[in-house]
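Work through the exercises below with the model open. Each task is followed by a stepwise solution.

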Amino acid sequence: MNHSNPNDQAHLDNATRHGESSDSETAELQDGWLTLGRLLDQEAARGFNADDLIAQLHVSEIAPAKQPLEQPAPVRRRSTVPSRYAYAMVFSGSAALLLAVLTLSWWIGGVQPAAVQIAGDEQRASVSADTSALAWDDDLDLQMQEASLSLAKARDGLAPLDASYSALRSRLLEFEQELENGSL
Amino acid sequence: MKPMNSPAELHRRIECWVREHGAAVRGYLLGNVRRHDIADDLLQEVFRKAFSAGENYTEQGSARSYLLRIADRLLCDRFRKASPEINVGEASWQVIEPLIEDSEPDLETIAAESRQALMQALDQLSPDQRRVLLLRYYSDMSFAQVAEAMDCPLNTVLSHCRRGLQGLRKILSSDSP
C-alpha cells in the first residue's frame with residue numbers, strides 16, 4: 001500500500017500537527033499521536049536537567065576556555081616496571097642468601113671455611129713440591145735402548161739366512177735360463 | 001544565513017539550545033531507544049556535534065529540526081552498530097530506571113501507568129514509524145523534509161505515518177491514562 005495523493009498527504013498532515021483537526025476521523029488519529037507525544041514528554045522531562053547537561057558539556061569540550069591553561073600536575077603512580085634499584089636489591093639479596101646457605105652447609109658438615117682455606121693452601125704446597133721432585137725417566141730410555149739392541153741382534157741372526165736365500169735364488173734363475181735355452 | 005564565528009557566541013547558542021530544545025531532543029531519543037541512560041548519552045553527543053559544527057552552521061530552518069536531524073543520524077549509526085535489544089518487563093525496568101526517590105507514591109503510580117502505556121504504544125510501532133511520528137511531533141518538518149532526513153521516498157514516509165497512526169489509535173485512543 002504505497003499509493004499517495006495530495007489529499008492523503010494533507011489528511012496525514014492534519015492528523016500530525018499541533019492544533020485543531022477538521023474532521024472526527026482525523027481528530028481520532030491525531031488524538032493517538034498527541035497522546036504518544038505527551039507520554040513521551042512526561043517521560044523525557046523526568047530526570048532531565050538542562051543545567052546538568054550544560055555543565056557536562058562544559059566539562060567535556062564545549063568550554064575549553066574554562067579548562068586550566070597550564071599543564072596539570074603529573075599524577076604519581078606506582079610504576080609496574082621494576083627499576084634498576086629493584087634489580088640490584090634482588091641480586092644482592094640472592095647473593096647474600098647463597099652465601100648464608102653455603103656457610104650453613106659448611107658449618108653443618110663440620111668444615112669451617114677457614115680450615116678449608118688452610119687445607120687448600122697445604123694442598124697447593126704439596127703439589128708444587130711434587131712438581132719440583134720430577135725428573136727425566138731414564139728407565140724408559142734404557143728399555144728403548146735394550147729393545148733396539150735386541151732388534152739389531154735379531155737382524156744379525158737373519159743375515160746368513162738372507163745370504164743362503166740369495167744363493168738359492170741365483171741358482172733358480174740359472175736353472176730357468178737353461179730351460180729357456182734348452183741347454184739343460 | 002549568519003555564520004557563527006565567536007566562541008563565546010557559540011557557547012551561548014549551545015546553552016540556549018540546551019534549555020529550549022534539550023527536553024524535546026531527549027524525548028525523541030527516548031522514544032527511539034527507550035532507555036534513559038542511552039538517551040542521555042546520545043543527547044550529549046547531539047549537542048557536542050552541534051558545537052563541533054557550530055562555525056559551519058547556517059540557519060536554514062529551525063534549530064530544533066537541526067538538532068533532531070543530528071539526533072536521527074546518531075540513532076541510525078547506533079542501530080547499525082548495536083546488537084539486538086531486549087524489551088524488559090516493568091519489574092526489570094524499575095531496576096534499570098528507578099523512580100525519583102522524593103516523588104510521592106501517587107505520582108509514582110501515575111508515572112508507572114504512563115510509562116506502561118508509553119511502552120505499549122511504542123511496541124505497536126516499527127522503528128521507521130516511530131521516527132516519522134516523532135519527527136513530526138518534535139519538529140516542524142514537513143513530510144518532504146522528513147523523507148529527506150530519513151533518506152527514503154515521500155510515499156514510504158506517508159505510509160509509515162498512516163500505519164503508525166492507525167496502530168496508535170487502537171492502543172491510545174481507547175485506554176489513555
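Axes are lines fitted to C-alpha atoms, for helices over the stretch in contact, and angles run from 0 to 180 degrees between N-to-C directions. Helices (H or I, at least four residues) and strands (E, at least two) are DSSP runs, numbered from the N terminus. This is a predicted model: local features need pLDDT of at least 70, side-chain atom pairs count only at pLDDT 80 or more, and totals for chains, interfaces and linings use all residues. Residues are numbered from 1 along each chain as its sequence is written, chains are lettered from A and ligands numbered from 1 in the order written, and side-chain values use heavy atoms, without hydrogens and water.

**Exercise 1.** Describe how helix 3 and helix 6 of chain B pack.

Step 1. Helix 3 (residues 63-81) of chain B meets helix 6 (residues 127-138) of chain B at about 160 degrees, and their axes are 10 Å apart. Therefore the two helices of chain B are roughly antiparallel (angles over 145 degrees).

Step 2. List the contact (heavy atoms within 4.5 Å). Helix 3 of chain B supplies Arg64(B), Leu68(B), Asp72(B) and Cys76(B); helix 6 of chain B supplies Arg131(B), Leu135(B) and Tyr138(B).

Step 3. Sort these residues: four are nonpolar, none polar and three charged. Here Ala, Val, Leu, Ile, Met, Phe, Trp, Tyr, Cys and Pro count as nonpolar, Asp, Glu, Lys and Arg as charged, and the others, Gly among them, as polar.

**Exercise 2.** Is Gln30(A) buried or exposed?

Step 1. Locate Gln30(A): helix 2 (residues 24-45) of chain A.

Step 2. Gln30(A) has 5% relative accessibility, so Gln30(A) counts as buried (under 20% relative accessible area; exposed is over 50%; 1.4 Å probe, protein chains only).

Step 3. Beyond four places in sequence, Gln30(A) touches Asn14(A), Ala15(A), Arg17(A), Gly19(A), Glu20(A) and Ser21(A).

Notes
Parallel < 35°, antiparallel > 145°, perpendicular 65-115°, else oblique.
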